[in-house]
Amino acid sequence: MRSDLSSLLQERVGHFALESGHHSRLWLDLELLCRRPEDVRSLAEELAKRIEPYRPDAVCGPLVEGAFVGLYVAEALDVDFVYAQRAAAPSASDMFSVSYQLPPAQRHLVEGRRVAVVNDVINAGSAVRATLSDLANYSAQPVVVACLLALGDAAHALAAGAGAPLEALETATNEIWTPGRCPLCANGVPLVPHPGF
């Protein structure tokens with residue numbers, strides 16, 4: 001991974017439950033990503049250059065850190081910015097049960113328009129998946145899914161499912177599992193508690 005991005009991502013190794021319901025050995029403390037805004041801004045401006053050929057009318061980012069990256073991208077592209085916020089917490093027993101929604105006052109800004117969906121890191125893709133689902137409620141056309149880092153294969157499949165290309169500054173391998181197929185669970189490794197869910 002490139003040094004300017006890896007220096008911003010605080011990595012932990014253990015046994016973690018992701019927002020999607022998947023389990024993983026890798027956890028990124030993304031809450032610390034934007035502690036130095038200028039560092040993130042320069043990466044977002046680079047991402048904006050990749051997004052520009054898709055001619056979005058607006059950028060949408062899921063809260064929290066994805067929206068911060070999206071705001072910088074929208075600024076660099078000089079287009080409208082909107083965000084999706086978590087409306088329902090994930091269920092401990094269901095996969096992809098989390099819900100994200102645009103605030104009512106922003107919905108008209110995406111109706112029938114070309115939208116770039118921008119996130120910080122896409123792993124299983126629950127926040128982006130839920131954001132795309134809500135954008136469909138307003139006939140928004142996703143023209144690109146973009147992120148600073150795509151982990152594993154899920155981001156490519158997610159973008160393809162939305163009929164949009166994926167643009168990522170960096171890609172890296174990562175394995176995730178459903179709870180029933182998790183080798184860490186099978187070996188009795190306890191989940192590391194995370195206060196975010």
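Guide: Contact here means heavy atoms within 4.5 Å. The model is predicted.

Visitor: Across which strands does helix H4 lie, and at about what angle does it run to E6?
Guide: Helix H4 covers residues 126-136. It lies across E3 (58-62), E4 (80-88), E5, E6 and E7. Its angle to E6 is about 165 degrees.

Visitor: What is the strand order in the open sheet of 6 strands?
Guide: The pairing in this sheet is mixed. The order reads E5-E4-E3-E6-E7-E8.

Visitor: Which strands stand at the edges?
Guide: An edge strand here has a single partner strand, so one side is left without a neighbour in the sheet. The twist averages 25 degrees from one strand to the next. The edge strands are E5 (99-101) and E8 (166-172).

Visitor: In E7, which residue stands opposite Val115?
Guide: E6 spans residues 114-122, and E7 spans 141-151. They pair in the parallel sense over 8 bridges. Opposite Val115 stands Pro142.

Visitor: Which residue in the hairpin of E1 and E2 takes a positive phi?
Guide: E1 (residues 11-17) and E2 run antiparallel, joined by 5 bridges. The hairpin has 5 residues between the strands. The positive phi, near 105 degrees, belongs to Gly21.

Visitor: Which residue in E9 stands opposite Ser24?
Guide: Ser24, in E2, is also the bridge partner of Phe16. E2 pairs with E9 (residues 176-177) in the antiparallel sense over 2 bridges. In E9, the residue opposite Ser24 is Ile176.

Visitor: How many residues of E2 are buried?
Guide: Buried means under 20% relative accessible area. E2 (residues 23-28) is mostly covered. The buried count is 5 of its 6 residues.

Terms used: Residues numbered from 1 in each chain as written. Predicted model: local features only at pLDDT ≥ 70, side-chain atom pairs only at ≥ 80, totals over all residues. Heavy atoms only, no water. Pairing = 2+ DSSP bridges. Helix = DSSP H or I, 4+ residues; strand = E, 2+ residues; numbered from the N terminus. Axes fitted to C-alpha atoms, helices over the stretch in contact; angles between N-to-C directions. Buried < 20%, exposed > 50% of the residue type's maximum accessible area, 1.4 Å probe, protein only.
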